[in-house]
Amino acid sequence: MRGKALGSTNLLVYGDGGRLIEVIDVRVGYDAAALQDDLARALPGENIRVRNLGEGLLLTGEVSTTAVAARAKEYADKFAPQAVTSALTARTSQQVI
């Protein structure tokens, strides 16, 4: 099954005599697992998890630097434009003194 737009609905399955047999909840969203795999290849060794959040995606985990967090968000934005929230934290920050 392929969805036309993001969102959720349900599918009603009727049997003989118009009797309702089953209700199937359907949610159309971004493929969080595919993005997580892509980020693992692009940023190896970084602890980034991707989850569906509403009609968008949530990035969580701890990465090595703020630059890595920014790159992960940039890559995710290409995958799901204007639909990514980043809650990534960095173990070390880059500061200029």
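Student: Which residues in α1 meet which residues in α2?

Tutor: Contact means heavy atoms within 4.5 Å. From α1, Ala34, Leu35, Asp38, Leu39 and Ala42 meet Ala72, Tyr75, Ala76 and Phe79 of α2. By class, this contact of α1 with α2 has 8 nonpolar, no polar and 1 charged residues; Ala, Val, Leu, Ile, Met, Phe, Trp, Tyr, Cys and Pro count as nonpolar, Asp, Glu, Lys and Arg as charged, and the others, Gly among them, as polar. The model is predicted: local features need pLDDT of at least 70, side-chain atom pairs count only at pLDDT 80 or more, and totals for chains, interfaces and linings use all residues. Residues are numbered from 1 along each chain as its sequence is written, and side-chain values use heavy atoms, with hydrogens and water left out.

Student: At what angle do the axes of α1 and α2 cross?

Tutor: Two packed helices are described by the angle between their axes and the distance between the axes. Here the axes of α1 (residues 32-42) and α2 (residues 66-79) cross at roughly 140° and come within 11 Å. That makes α1 oblique to α2, since angles under 35 degrees count as roughly parallel, over 145 as roughly antiparallel, 65 to 115 as roughly perpendicular and the rest as oblique.

Student: Is Leu43 buried or exposed?

Tutor: Buried means under 20% relative accessible area, exposed over 50%, partly exposed in between (1.4 Å probe, protein chains only). Leu43 has a relative accessible area of 5%, so Leu43 is buried. Leu43 sits in the loop between α1 and β3 (49-53). Not counting residues up to four places away in sequence, Leu43 touches Ile48, Val68, Arg71, Ala72 and Tyr75.

Methods: Axes are lines fitted to C-alpha atoms, for helices over the stretch in contact, and angles run from 0 to 180 degrees between N-to-C directions. Helices (H or I, at least four residues) and strands (E, at least two) are DSSP runs, numbered from the N terminus.
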